[in-house]
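Student: Could you go through this model with me, step by step? I'd like to understand what each term stands for as we go.

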Amino acid sequence: MALARDVSTTSIEASASAIISFRGYFGGAFTPVVSGMIVDTTGSYTLAFISGGIIARCAAL
């Protein structure tokens, strides 16, 4: 959130923070659904854990 404030102008600071928050909340709500569909389709948790790890690495970058 601090980075959004640093790189944006003061007129769009709130909008930038809101967009970042929305993406985080949407990902937090959507990820369990996708993981459940993966487990239901494959019958294994392996692919769900691997995709979670890949997503976490991408988020860290």
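Student: Is Phe26 buried, exposed or partly exposed?

Tutor: Phe26 is partly exposed, since its relative accessible area is 47%; here buried means under 20% relative accessible area, exposed means over 50%, and partly exposed is what lies in between, using a 1.4 Å probe and protein chains only. Please keep in mind that this is a predicted model, in which local features need pLDDT of at least 70 and side-chain atom pairs count only at pLDDT 80 or more, while totals for chains, interfaces and linings use all residues. Residues are numbered from 1 along each chain as its sequence is written, and side-chain values use heavy atoms, with hydrogens and water left out.

Student: Ok, and how do the rings of Phe26 and Phe30 sit relative to each other?

Tutor: Their centres are 5.5 Å apart and their planes stand at 10°, so the pair of Phe26 and Phe30 is stacked. The rule is that rings of Phe, Tyr and Trp (for Trp, its six-membered ring) pair if their centres lie within 6.5 Å, and planes under 30 degrees apart count as stacked, over 60 as edge-to-face, and the rest as tilted.

Student: How far apart are those two along helix H2?

Tutor: Phe26 and Phe30 are 4 residues apart in helix H2, which is about one helical turn. Helices here are DSSP runs of H or I with at least four residues, strands are runs of E with at least two, and both are numbered from the N terminus. As for its surface, Phe30 counts as partly exposed, at 44% relative accessibility.

Student: What about Phe22 and Phe26, how are their rings arranged?

Tutor: The structure holds 3 aromatic pairs. In the pair of Phe22 and Phe26 the ring centres are 5.9 Å apart and the planes are at 25°, so this pair is stacked. Both residues lie in helix H2, which covers residues 13-42, and they are 4 residues apart, about one turn of the helix. Phe22 counts as exposed, with 55% relative accessibility.

Student: So which residues do the ring pairs link into a cluster?

Tutor: Phe22, Phe26 and Phe30 are linked into a cluster by ring pairs.

Student: And which residues make up the nonpolar patch on the surface?

Tutor: Phe22, Phe26, Phe30, Val33 and Met37 form that patch, and together they have about 540 Å² of accessible area. Patches are made of residues with over 30% relative accessible area and no salt bridge, where like charges are joined within 9 Å and nonpolar side chains (Val, Leu, Ile, Met, Phe, Trp, Tyr) within 5 Å. A salt bridge is a side-chain nitrogen of Lys or Arg within 4 Å of a carboxyl oxygen of Asp or Glu, and accessible areas come from the Shrake-Rupley method with a 1.4 Å probe, where for residues only the protein chains shown count as cover. Val33, which is placed in helix H2, counts as partly exposed at 45% relative accessibility.

Student: Switching topic: is Ser17 buried or exposed?

Tutor: Ser17 is buried, with a relative accessible area of 10%, and Ser17 lies in helix H2.

Student: Which residues does Ser17 touch?

Tutor: Leaving aside residues up to four places away in sequence, Ser17 touches Met1 and Arg5, where contact means heavy atoms within 4.5 Å. Leu3, in helix H1 (residues 2-7), is 14 residues from Ser17 in sequence and 9.4 Å away in space, C-alpha to C-alpha. Leu3 is exposed, with a relative accessible area of 62%.

Student: Last one: how many helices and strands does the protein chain have?

Tutor: The protein chain has 3 helices and 0 strands, and its radius of gyration is 16 Å, well over the 10 Å that the globule rule gives for 61 residues, so the chain is more spread out than a compact globule. That radius is taken over C-alpha atoms, and the globule rule is 2.2 Å times the number of residues to the power 0.38. Along its principal axes the C-alpha trace spans about 50 × 20 × 10 Å, and 11% of the 61 residues count as buried.
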